[in-house]
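Me: I have a structure to go through and would like to take it slowly. Could you help me read it piece by piece?

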Amino acid sequence: MRLVLLGPPMAGKGTQASILAERFGLLHIAMGDLLRDSVAADTSLGRKAKKYMDAGALVPDAIVIGLIEGKLKTTNSEKGFILDGFPRTVAQAKQLEEFTDVDLVLCLEIAFNRLVERATGRRICRSCGAVYHMKNNPPKKPNVCDRDQGKLYSRNDDNAKVVQERLRAYEAQTRPVINYYSSREKLKFVDSDVSIEEVGNRLVNTILDRWPHLETEIKPAPEQEAAPSAEPLKTKEARKGRGTRRQHGRGRRGNVGKSRGIRGS
Ligand code: AMP
């Protein structure tokens, strides 16, 4: 199963890709995380990428294509993979075809005016990666993680000005990717202005429509904690298992785990 997850910034790609990866046993490759890792490691690639990321612009194709190629070549993805945040330009989509086929492209849809609020309110714990939202899911103490008292920070590119720029880049450079896959009949849209659980249900059902035999193999949905996470599983730390528990005895298709007060981003 070779999946691509498209959608504007803050539509919930990271959250949903993590959930789908876990449920279907896929390798999750998040281009934003690969780039942030390079920035954190202060590599020359990271230093180059940072200035584009901080400005809300796309990092040049040559850099991200090199990263994805390396990742696909060096990691084992027996059951397949889900690409989150790649491709974001038609040149990237074409290059991807040189490395591998893509079976299905899922595109999250949400009105842009809902996204700025999601981004600017987002706060992340530096130590455990839990994600809060200042309005929808604030921590008990300002700027302190409820879970481990870690300090909360806002991503450099989550301020209103940069978010507008990221949306502009999406419209100009990534919208054509949607058309590219649509003309190849690989594209399915999923409305993502609903709860994380509901978006998850819709994505799972879309995948099972394409591969019905997987219905018996899919793992149950993770049960999501009410807090502290406005956006559970989004970060690398959270993906390693913190912030989720397995749900018990629920249906597999749809009916994703219960949660209280979690909002998607
Ligand atoms: P994300 O975490 O997916 O929101 O990505 C954060 C930032 O990383 C984006 O705003 C871009 O600056 C950069 N980025 C991520 N994926 C790509 C890509 N496929 N092509 C170019 N830049 C990217």
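**Rings, ligand and loops**

Reply: Let us begin with the rings: a search of the whole structure finds two aromatic pairs, where rings of Phe, Tyr and Trp (its six-membered ring) pair if their centres lie within 6.5 Å, and planes under 30 degrees apart count as stacked, over 60 as edge-to-face and the rest as tilted. In one of these, tyrosine 180 and tyrosine 181 are arranged edge-to-face, with 5.3 Å from centre to centre and 80° between the planes. Please keep in mind that this is a predicted model, in which local features need pLDDT of at least 70 and side-chain atom pairs count only at pLDDT 80 or more, while totals for chains, interfaces and linings use all residues. Residues are numbered from 1 along each chain as its sequence is written, and side-chain values use heavy atoms, with hydrogens and water left out.

Me: Are tyrosine 180 and tyrosine 181 buried or exposed?

Reply: Both tyrosine 180 and tyrosine 181 are buried, where buried means under 20% relative accessible area, exposed means over 50%, and partly exposed is in between, with a 1.4 Å probe and protein chains only.

Me: And what lies over the face of tyrosine 180?

Reply: That is arginine 184, at 3.7 Å from the ring centre; a charge sits over a ring if NZ of Lys or CZ of Arg is within 6 Å of the ring centre and within 35 degrees of the ring normal. Another case is arginine 210, whose charged end sits over the ring of tryptophan 211, 4.5 Å from its centre.

Me: OK, switching to the ligand. How many residues surround the ligand?

Reply: There are 16 residues around the ligand, and the closest are Arg36, Ala57, Gly85, Arg88 and Gln92, where a residue is near a molecule if one of its heavy atoms lies within 4 Å of it. By type, the shell divides into eight nonpolar, three polar and five charged residues; here Ala, Val, Leu, Ile, Met, Phe, Trp, Tyr, Cys and Pro count as nonpolar, Asp, Glu, Lys and Arg as charged, and the others, Gly among them, as polar.

Me: Which helix gives the largest share of the shell?

Reply: Helix H2, residues 31-40, gives the largest share, with four residues; helices (H or I, at least four residues) and strands (E, at least two) are DSSP runs, numbered from the N terminus.

Me: What polar side-chain atom lies 3.2 Å from an oxygen atom of the ligand?

Reply: That atom belongs to arginine 155, and an N or O atom in the side chain of arginine 166 is 3.4 Å from an oxygen atom of the ligand. Valine 59 uses its backbone instead, with an N or O atom 3.0 Å from a nitrogen atom of the ligand. Taken alone, the ligand exposes 480 Å², and the protein buries 96% of that, with accessible areas coming from the Shrake-Rupley method with a 1.4 Å probe.

Me: Now the backbone. Where is the peptide bond that is cis?

Reply: It runs from phenylalanine 86 to proline 87, with omega near 0°, and proline 87 lies in the loop between strand E3 (81-84) and helix H5 (90-99).

Me: Which residue other than glycine has a phi near 60°?

Reply: Asparagine 143 has that positive value, and this residue lies in the loop between strand E6 (131-133) and strand E7 (152-153). Asparagine 143 is partly exposed, with a relative accessible area of 37%. Glutamate 185, which is not a glycine either, has a positive phi of about 55°; it lies in the loop between helix H7 (160-183) and strand E8 (187-191) and counts as exposed at 73% relative accessibility.

Me: Last one: how many residues apart along the chain are isoleucine 110 and aspartate 191?

Reply: They are 81 residues apart along the chain, while their C-alpha atoms are separated by 6.3 Å. Isoleucine 110 lies in the loop between strand E4 (104-109) and helix H6 (112-120), and it counts as buried at 11% relative accessibility.

Conventions. Polar contact = N/O pair within 3.5 Å; in protein donor to acceptor, adjacent residues only side chain to side chain.
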